[in-house]
Amino acid sequence: MKINILDTRKLYIEMLSLPDNERSSFFDEEFLQPFAPMFELTRMPRSTEALSCLALSGVDDTAKDMLNRLITVDAWNEAKKTIEFAIFNLQKFGIKIPEEITLGIFLGDPVRLAQSEGYTGVGSMPGYVQIIIVPNAQNLPKLPACIAHEFHHNTLFLNVKWNFMNVTLSQYLAVEGMAESFAAELYGEDFIGPWVTGIGEADLKKANEIIGKNLGAAGFMEVRKYIFGDHPMLPKSEALGVPYCGGYAAGYHAIQTYIRKTGKTITEVTKDFIDGEDIVKQSGYFNNSKKG
């Protein structure tokens, strides 16, 4: 597999030396063009706002400080090592991986990423991973786990073919739950994301009650309401009462229940899912939640 780690360190340094009126075109051509197929498929706007990236002008000192934090932990080499480690684990069970991957680490907007400890990732299209981060002492140690989560998405969507217009809630809970469980297995539960750890017991119970009754809900536009919960990106008119990111947490705990029930590794569980198993329903997690 060919691993392309976009040298955003060099690109940010070059961009910050440009006058403000030249930065937008530079960012689009140098930072975003390598991900053109992903933008075309997802129809996501090619903008800093859509990606929750740091503004290109007016915050140069902040950008330089963030960049230095990433340089200190050698983030780009660590990203490559993470992908290699993930590949090693997934290939153990003959799971097909992308032939090539392009990964970019982008500086994040502190306001837009405030609810997720200052970092997030995009990785649902095979061959492309983007990490957006406001680097700090809390989230930098979690960077490898976040990359592993997104690379699991990359691999899974290469192996599982479905129409997103028909994807079920049960399936998508598994997608997110397996990705975070993969990160936990490789790097430890202490490094999983706030989309799981930030959900308190009461909110998790509330999410489980709503989600457990609707596992057959289908179509991404419907399913996302349960996964993201009452998220700022969703109109209030679509809110179902699921706490913010409640679906991520519920999916993770459902997969962890399946792992304990079967004694399998997350890679084996991933293979079960690829082979067509409805692992969320088979976990019995939501049945147990109802009893609790």
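Welcome to this structure, where the axes of α7 and α8 come within 8 Å and cross at roughly 135 degrees. The model is a predicted one, in which local features need pLDDT of at least 70 and side-chain atom pairs count only at pLDDT 80 or more, while totals for chains, interfaces and linings use all residues. Residues are numbered from 1 along each chain as its sequence is written, and side-chain values use heavy atoms, with hydrogens and water left out.

**Helices α7 and α8**

- The crossing of these two helices, α7 and α8, is right-handed (the near helix is turned clockwise from the far one by less than a right angle).
- Axes here are lines fitted to C-alpha atoms, for helices over the stretch in contact, and angles run from 0 to 180 degrees between N-to-C directions.
- On the α7 side, the residues that meet α8 include P144, H152 and F157, and their partners in α8 include Y172, M178 and Y187 (contact means heavy atoms within 4.5 Å).

**The sheet**

- An open sheet of mixed pairing is built from four strands in the order β1-β2-β4-β3 (strands are DSSP runs of E, at least two residues, and helices runs of H or I, at least four, numbered from the N terminus).
- At the edges are β1 (2-5) and β3 (119-122), each pairing on one side only (two strands pair if DSSP finds at least two bridges between them).
- From one strand to the next, the twist averages 15 degrees.
- Four bridges join β1 to β2 (residues 100-107) in the parallel sense, and I5 stands opposite L103 in β2.
- Helix α7 (residues 143-159) also packs on this sheet, touching β2, β3 and β4 (128-133), and its direction makes about 150 degrees with that of β4.

**Loops with positive phi**

- E117 sits in the loop between β2 and β3 and has a positive phi of about 55 degrees although it is not a glycine.
- E117 is buried at a relative accessible area of 19% (buried means under 20%, exposed over 50%, partly exposed in between, with a 1.4 Å probe and protein chains only).
- C245, in the loop between α11 (220-228) and α12 (246-262), is not a glycine either, yet its phi is positive at about 60 degrees.
- C245 is buried too, at 8% relative accessibility.

**Around α11**

- Which residues of α11 are buried? They are V223, R224, K225, Y226, I227 and F228.
- Their cover includes α8 (169-187), α10 (201-212) and α12.
- Just after α11 comes G229, with a positive phi of about 70 degrees.
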